[in-house]
Amino acid sequence: MRITGGTLKGRIIECPDGIIRPAMDRMRESVFSILGDLTGKSWLDLFSGSGTIAIEAASRGATHIELCEKDKIKTATLLNNVKITEQELGIKIQCHFMPVEYFIKRCKKQFDYIFFDPPFPYKFHEQLVAQADKNGMLAPGGTILVHRPEEHFMPDTIGSLKRTDQRIYGRSIVDFYK
């Protein structure tokens with residue numbers, strides 16, 4: 001996998017062992033193009049796998065970045081990818097190693113962008129977005145992005161959030177909620 005834009009454009013990201021479904025370069029490039037400049041923004045990457053999405057956000061200017069991954073097999077690779085990024089950009093990326101569901105229930109912070117990218121068999125996309133909304137995790141004017149397979153339905157409204165955009169990339173869909 002490679003970073004598609006920003007300061008680290010072209011950098012190769014190490015992929016961890018185990019089951020992983022990295023976000024396609026084309027999808028990442030398109031989504032980040034839609035979002036535009038992330039300078040000074042905060043970013044939360046949930047189900048982060050290799051950390052590619054968080055690193056892409058950092059490459060494009062996000063400065064407060066956190067990620068969450070529960071799979072212990074991915075820990076060493078994820079930490080290495082984050083460490084290299086921190087050194088290259090001079091920023092700190094906070095990693096949480098726990099189930100995303102637990103993280104969301106306990107989180108007291110707000111983020112400009114929250115990216116959900118659960119494994120495709122996962123069935124609780126809507127419930128996680130609803131819990132993040134209920135907990136006030138999205139900063140005013142922020143966006144929640146949900147990467148999902150086409151067969152998982154997502155409603156137009158979840159709590160106080162409304163879907164403002166939807167992009168289709170083959171079998172994958174990214175929903176944008178504000």
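Contact here means heavy atoms within 4.5 Å. In this predicted model, Asn135 touches Ile104, Lys105 and Cys107, residues up to four places away in sequence not being counted. Asn135 sits in the loop between helix H5 (125-134) and E5. Its relative accessibility is 24%, so Asn135 counts as partly exposed. Asn135 and Ile104 are 31 residues apart in sequence. Their C-alpha atoms are 7.8 Å apart in space.

The sheet comes next. Eight strands form an open sheet with mixed pairing. Their order is E3-E2-E1-E4-E5-E8-E7-E6. Strand E3 (93-96) and strand E6 (157-158) are the edge strands, and each pairs on one side only. Helix H2 packs on the sheet and touches E1, E2 and E4. The direction of H2 makes about 165° with that of E1. Strands of a sheet pair through backbone hydrogen bonds, either parallel or antiparallel. Strand E4 (residues 111-116) pairs with strand E5 (residues 138-149) in the parallel sense, over five bridges. Within these strands, Ile114 stands opposite Ile144 in E5. E1 and E2 also pair in the parallel sense, over five bridges. Here Ser42 stands opposite His64 in E2.

Strand E1 covers residues 42-46. Five of its five residues are buried, so E1 is largely enclosed by the rest of the structure. Both faces of E1 are covered. Ser42, Leu44 and Leu46 are buried on one side. Trp43 and Asp45 are buried on the other.

Ser42 belongs to strand E1. Ser42 counts as buried because its relative accessibility is 9%, and the cut-off for buried is under 20%. Beyond its neighbours within four places in sequence, Ser42 is in contact with His64, Gln110, Phe111, Asp112 and Tyr113. A polar atom of the Ser42 side chain lies 2.7 Å from the backbone nitrogen of Asp112.

Phe47 lies in the loop between E1 and H2. Phe47 is not a glycine, yet its phi is positive, at about 65°. With 16% relative accessibility, Phe47 counts as buried.

Helix H2 spans residues 52-59. Eight of its eight residues are buried, so H2 is largely enclosed by the rest of the structure. The buried residues are Thr52, Ile53, Ala54, Ile55, Glu56, Ala57, Ala58 and Ser59. What covers them includes helix H1 (25-35), E1, E2, H3 and E4.

Helix H3 (residues 75-89) lies across E2 and E3. H3 runs at about 170° to E3. Two packed helices are described by the angle between their axes and the distance between the axes. H2 and H3 pack at an angle of about 5°. Their axes are 10 Å apart. The angle makes H2 roughly parallel to H3, because angles under 35 degrees count as roughly parallel. On the H2 side, the residues that meet H3 are Ile55, Ala58 and Ser59. On the H3 side, Asn81, Val82, Thr85 and Leu89 take part. By class, this contact has four nonpolar, three polar and no charged residues.

Gly61 follows H2 and has a positive phi, near 110°. Ala62 is placed in the loop between helix H2 (52-59) and strand E2 (64-68). At 2% relative accessibility, Ala62 counts as buried. Ala62 touches Leu38, Lys41, Trp43, Ala57 and Ile91, when residues up to four places away in sequence are left out. Ala62 and Tyr113 are 51 residues apart along the chain. Their C-alpha atoms are separated by 9.6 Å. Tyr113 is also one of the residues in contact with Ser42.

Technical notes: Residues are numbered from 1 along each chain as its sequence is written. This is a predicted model: local features need pLDDT of at least 70, side-chain atom pairs count only at pLDDT 80 or more; totals for chains, interfaces and linings use all residues. Side-chain values use heavy atoms; hydrogens and water are left out. Helices (H or I, at least four residues) and strands (E, at least two) are DSSP runs, numbered from the N terminus. Buried means under 20% relative accessible area, exposed over 50%, partly exposed in between (1.4 Å probe, protein chains only). A polar contact is a pair of N or O atoms within 3.5 Å; within protein, one must be able to donate a hydrogen and the other to accept it, and residues adjacent in sequence count only if both atoms are side-chain atoms. Two strands pair if DSSP finds at least two bridges between them. Axes are lines fitted to C-alpha atoms, for helices over the stretch in contact, and angles run from 0 to 180 degrees between N-to-C directions. Angles under 35 degrees count as roughly parallel, over 145 as roughly antiparallel, 65 to 115 as roughly perpendicular and the rest as oblique. Ala, Val, Leu, Ile, Met, Phe, Trp, Tyr, Cys and Pro count as nonpolar, Asp, Glu, Lys and Arg as charged, and the others, Gly among them, as polar.
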